[in-house]
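This briefing goes through the fold and a few selected sites. Please keep the model open while reading.

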Amino acid sequence: MKLGFVSAILDGWTFEEMIDTASELGFKCVEIACWPQGKAERRYAGVCHIDVKKVLNDDGYAKYVKDYSEKKGVEISSLAFYPNTMDGDLEKRKSSVEHLMTVIKASAKLGVNMVTTFIGRDQTKNVEDNMKLVAEVWPPVIKLAEELKVKIGIENCPMLFGQDQWPGGQNIFTSPENWKKVFGILQSENLGINYDPSHFVWQQMDYLKPLYEFKDKVFHIHFKDIKIFKDKLDENGIMAYPLNYMAPKLPGLGDVRWDRFVSALTDIGYDGYACIEVEDRAFEGSKKKILDSLRLSKKYMENFVI
């Protein structure tokens with residue numbers, strides 16, 4: 001496996017500063033955030049380290065991105081854009097899908113050939129109606145990915161944390177049952193999973209078994225931990241806003257058993273990209289804390305991934 005990190009944690013860093021940081025800290029890869037510039041709607045969204053429109057329109061810029069990464073010895077694991085492509089607001093939906101397709105084209109042009117994202121969800125609709133939306137919204141996206149030989153890894157994050165995502169959340173790709181439904185609708189070898197075990201922990205689900213069942217669909221990995229506060233869960237119950245009883249943490253500081261998780265990855269023969277995703281509020285507020293979060297996460301995960 002190749003150990004990296006999700007670049008969104010380095011908000012405000014330039015592309016060069018972000019790649020330099022990855023290189024200096026000894027990471028092998030980065031999953032690079034590619035939001036439309038100035039479009040942040042939530043924490044860790046809106047970060048842009050590669051201008052994907054410029055990649056398509058400026059061959060010199062595209063070559064520079066590739067050459068700079070190669071010179072620094074840092075691979076690009078994926079171009080990342082995590083919107084709600086099935087938003088109930090049709091203008092937002094249209095904008096998200098258009099930018100996602102631009103990211104796919106840029107990924108192909110840069111030779112990355114991987115995009116990590118969400119399926120999305122209309123949070124006012126039930127699961128059945130959202131699956132109808134999958135069949136409506138996603139076929140053109142999948143067709144483009146197939147034509148350009150780009151893989152799409154969908155993260156299993158429910159995007160349900162607080163009031164803004166209530167009810168339902170903003171990503172239907174939350175469970176093995178829903179994965180089967182989505183893969184049944186979008187039958188493509190180019191569609192797979194960006195697998196994050198932490199989201200199964202707070203949903204009280206087995207995060208190991210699906211690796212074996214969906215081993216051929218695991219395209220990319222996120223190393224992010226989650227901590228369940230049992231006293232808060234007892235006080236609020238599972239029907240509360242999830243952030244009322246859990247918190248994202250650095251790998252090793254939460255409830256994921258990383259020895260077991262990485263062991264399962266080796267069982268299925270996964271040897272692709274595995275990127276640390278930092279969303280731990282204890283490591284925000286200063287450049288030093290952010291860099292410490294990457295150093296500590298890397299040091300811990302190197303117990304299992306070299």
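Contact here means heavy atoms within 4.5 Å, and angles run from 0 to 180 degrees between the N-to-C directions of axes fitted to C-alpha atoms. In this predicted model, helix 4 (residues 90-109) lies across strand 3, strand 4 (114-117) and strand 5 (151-155). The direction of helix 4 is at about 150 degrees to that of strand 4.

**Barrel**

- A barrel is closed by eight strands, taken in the order 1-2-3-4-5-6-7-10, with parallel pairing.
- From one strand to the next, the twist averages 30 degrees.
- Strand 2 (residues 29-33) and strand 3 (residues 75-80) run parallel and are joined by five bridges.
- Within strand 3, I76 is the residue that stands opposite V30.
- Four bridges connect strand 5 with strand 6, again in the parallel sense.
- I193 in strand 6 has I154 standing opposite.
- Strand 6 (residues 191-195) is largely enclosed by the rest of the structure, because five of its five residues are buried.

**Helix 3**

- Helix 3 covers residues 59-72, which makes 14 residues. The distance from its first C-alpha to its last is 20 Å, close to the 20 Å expected at 1.5 Å a residue.
- Y61, A62, V65, Y68 and S69 are the buried residues of helix 3. Viewed down the helix axis they fall within an arc of 135 degrees, so they line one face of helix 3.
- The face turned away from this buried side carries D59, K63, E70 and K71, which are exposed.
- The cover over the buried residues of helix 3 includes helix 1 (15-25), helix 2 (52-57), strand 3 and helix 4.
- At the start of helix 3, the backbone nitrogen of G60 has a side-chain oxygen of D58 within 3.0 Å.
- Just after helix 3, G73 has a positive phi of about 75 degrees.

**Helix 12**

- Helix 12 (residues 287-301) has 15 residues, which at 1.5 Å a residue should span 21 Å. The C-alpha atoms at its ends are 21 Å apart, in agreement with that value.
- Buried in helix 12 are I290, L291, S293, L294, S297, K298 and M301. These residues line one face of helix 12, because they fall within an arc of 145 degrees when seen down its axis.
- K288 and K299 are exposed on the other side of helix 12.
- Among the elements covering the buried residues of helix 12 are strand 1 (2-6), helix 1, strand 7 (218-223), helix 11 (258-267) and strand 10 (273-276).

**E277**

- E277 sits in the loop between strand 10 and helix 12. Buried means under 20% relative accessible area, so E277, at 10% relative accessibility, counts as buried.
- The E277 side chain makes a polar contact with the side chain of H222 at 3.1 Å. A polar contact with the side chain of K224 is also made by the E277 side chain, at 3.1 Å.
- Leaving aside neighbours within four places in sequence, E277 is in contact with V6, E155, D196, H222, F223 and K224.

**W258**

- W258 belongs to helix 11, and its relative accessibility of 1% makes it buried.
- Y300 is 42 residues from W258 in sequence, with a C-alpha to C-alpha distance of 9.6 Å.
- Not counting residues up to four places away in sequence, W258 touches P197, H222, F223, K224, D225, P251, G252, Y300, M301 and F304.

**Q165**

- Q165 is located in the loop between strand 5 and helix 7 (176-185). With a relative accessible area of 10%, Q165 is buried.
- A polar atom of the Q165 side chain lies 3.1 Å from the backbone nitrogen of F161.
- Residues touched by Q165 are Q123, M159, L160 and Q170, not counting those up to four places away in sequence.

Conventions
Residues are numbered from 1 along each chain as its sequence is written. This is a predicted model: local features need pLDDT of at least 70, side-chain atom pairs count only at pLDDT 80 or more; totals for chains, interfaces and linings use all residues. Side-chain values use heavy atoms; hydrogens and water are left out. Two strands pair if DSSP finds at least two bridges between them. Helices (H or I, at least four residues) and strands (E, at least two) are DSSP runs, numbered from the N terminus. The expected span of a helix is 1.5 Å times one less than its number of residues. Buried means under 20% relative accessible area, exposed over 50%, partly exposed in between (1.4 Å probe, protein chains only). The arc is that of the directions from the helix axis to the C-beta atoms. A polar contact is a pair of N or O atoms within 3.5 Å; within protein, one must be able to donate a hydrogen and the other to accept it, and residues adjacent in sequence count only if both atoms are side-chain atoms.
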